[in-house]
Amino acid sequence: MPATPVNNVEQVMRDPQTAARAMIERVVHPRLGEIPVVGTPVKFSRMRPGVRRPAPLQGEHTDEVLAEHGYTPAEIADLHAKKIVV
C-alpha cells in the first residue's frame, strides 16, 4: 500500500519538490492582493494548464449558479431575504 505524509499548505509551499515542479503560481485576490497558490499537479508536454483566478469569496457566484439552475430573480431574492443563501 503506497503511503506518504499529508502536508498542510505551509509545508507544501516550502517543499523542495513543489518548487522543482514549478507548482507555485500567483493570482490576484480581490481582498489580499497577489497571493501564491498551488497550481495544477498534472503537467503536459504541449500544454500548461494554469490557475485562472483565485477561489471565489463566500457567496460570490451564488446568484449566477441559482439562475443557471432555473431560479428566477424573485426566487433568488427570496432565498437571500430568508438567509437561505449568502
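## Close-up views of charged and nonpolar side chains

**View 1. Lys82 pairs with Asp78 in a salt bridge, with their closest N and O atoms 3.2 Å apart.** Here a salt bridge means a side-chain nitrogen of Lys or Arg within 4 Å of a carboxyl oxygen of Asp or Glu. Lys82 is exposed, at a relative accessible area of 53%, whereas Asp78 is partly exposed at 35%. For these words, buried is under 20% relative accessible area, exposed is over 50%, and partly exposed is in between (1.4 Å probe, protein chains only). Please keep in mind that this is a predicted model, in which local features need pLDDT of at least 70 and side-chain atom pairs count only at pLDDT 80 or more, while totals for chains, interfaces and linings use all residues. Residues are numbered from 1 along each chain as its sequence is written, and side-chain values use heavy atoms, with hydrogens and water left out.

View 2. Helices are DSSP runs of H or I with at least four residues, strands are runs of E with at least two, and both are numbered from the N terminus.

**View 3. Glu34 and Arg26 join their side chains in a salt bridge.** The N to O distance here is 2.8 Å. How many salt bridges does the structure hold? There are 3.

**View 4. Glu60, Asp63, Glu64 and Glu68 make up a negative surface patch.** Patch residues have over 30% relative accessible area and no salt bridge; like charges are joined within 9 Å, and nonpolar side chains (Val, Leu, Ile, Met, Phe, Trp, Tyr) within 5 Å. Asp and Glu count as negative, Lys and Arg as positive, and His and the chain ends are not counted. Glu68 is exposed because its relative accessible area is 67%.

**View 5. Val42, Phe44 and Met47 form a nonpolar surface patch of about 300 Å².** Accessible areas come from the Shrake-Rupley method with a 1.4 Å probe. Val42 is found in the loop between strand 2 (33–38) and helix 3. With 44% relative accessibility, Val42 counts as partly exposed.

**View 6. Glu75 belongs to helix 4 (residues 73–81).** Glu75 is partly exposed, with a relative accessible area of 40%. Its C-alpha atom is separated by 37 Å from that of Val38, 37 residues apart along the chain.

Technical notes. Charge placed at Lys NZ, Arg CZ, Asp CG, Glu CD.
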